[in-house]
Amino acid sequence: FGDSVHMMRDIVASSIRMYGDDHPRTLKSIDSLAQFLCYSGHLTESLQFHKKAWEGFRGLESHGPNHKDTLLALRHLGAVQWRFFRFDESALLCDQALEGLSHCNDVEDEILFTKEDIALALAGSKNNPKRARALMVEVLERRKVIWGDEHPYTLFAELNFGRVEHGIGEY
């Protein structure tokens with residue numbers, strides 16, 4: 001991920017030069033950089049950039065708190081909280097994102113990813129294990145219908161189902 005992080009930093013810098021700090025394209029680049037940082041283990045920096053993207057989208061007149069981009073940035077912020085073992089905060093942020101996404105169009109994949117994030121957070125906190133398991137069952141079944149048994153999204157959901165089962169003590 002090292003080269004990808006470097007390239008994303010360049011993209012963010014270029015977006016800022018071309019569009020300015022608060023343009024939706026710049027904020028999407030910042031959110032993408034934050035995801036690369038998270039995957040490469042730079043969690044503190046990732047958290048800072050996810051927060052910047054979410055706050056930036058929320059402040060845009062064209063977006064506001066209920067726009068798909070804002071809600072996805074909120075979900076990403078919640079997901080990185082999980083990696084800090086802040087399970088309750090992660091579940092809360094992802095639940096807020098899920099509520100908003102449920103009113104958006106063409107976001108089924110994002111909703112499924114959000115439900116996975118909530119399930120993982122609930123399993124980590126040991127709060128509401130029934131909901132954690134039910135969410136993962138729903139995600140896994142839906143992924144199989146949409147993508148089939150061998151699609152990476154389905155396989156990833158199977159992996160996370162195992163993580164949830166282990167986290168709630170049923171594995």
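Select helices α5 and α6 to begin: α5 passes α6 in a left-handed crossing, a term used if the near helix is turned anticlockwise from the far one by less than a right angle. The helices here are DSSP runs (H or I, at least four residues), numbered from the N terminus. Before going further, note that this is a predicted model, in which local features need pLDDT of at least 70 and side-chain atom pairs count only at pLDDT 80 or more, while totals for chains, interfaces and linings use all residues. Residues are numbered from 1 along each chain as its sequence is written, and side-chain values use heavy atoms, with hydrogens and water left out.

**α5 against α6**

With residues 87–101 and 108–125 still selected, α5 and α6 pack at an angle of about 155°, and their axes are 8 Å apart; the axes are lines fitted to C-alpha atoms over the stretch in contact, and angles run from 0 to 180 degrees between N-to-C directions. The two helices are therefore roughly antiparallel to each other, the word being used for angles over 145 degrees. Show side chains next: among the α5 residues that meet α6 are Phe87, Cys94, Leu98 and Leu101, and the α6 residues they face include Ile111, Ile118, Ala121 and Leu122, where contact means heavy atoms within 4.5 Å. The residues of this contact of α5 with α6 divide into ten nonpolar, four polar and five charged; Ala, Val, Leu, Ile, Met, Phe, Trp, Tyr, Cys and Pro count as nonpolar, Asp, Glu, Lys and Arg as charged, and the others, Gly among them, as polar.

The 18 residues of α6 should span 26 Å at 1.5 Å a residue, and its end C-alpha atoms are 26 Å apart, which agrees; the expected span is 1.5 Å times one less than the number of residues. Of those 18 residues, 13 are buried, so that α6 is mostly covered, buried meaning under 20% relative accessible area, exposed over 50% and partly exposed in between (1.4 Å probe, protein chains only). Just after α6, select Lys126, which takes a positive phi of about 65°.

Select Arg86 in the loop between α4 (68–83) and α5; at 36% relative accessibility, Arg86 counts as partly exposed. Arg86 touches Leu47 and Gln81, not counting residues up to four places away in sequence. Arg86 and Ala121 are 35 residues apart in sequence and 8.1 Å apart in space, C-alpha to C-alpha.

**His50 in α3**

Move to α3, residues 43–59, where the buried residues include Leu47, Phe49, Trp54 and Phe57. His50 has its place in this helix and, at 2% relative accessibility, counts as buried. Leaving aside neighbours within four places in sequence, His50 is in contact with Asp31, Ala34, Gln35, His76, Leu77 and Val80.

**Ser15 in α1**

Finish at Ser15, found in helix α1 (residues 2–19) and buried, with a relative accessible area of 8%. Beyond neighbours within four places in sequence, Ser15 is in contact with Gly20, Arg25, Thr26 and Ser29.

Key: Angles under 35 degrees count as roughly parallel, over 145 as roughly antiparallel, 65 to 115 as roughly perpendicular and the rest as oblique.
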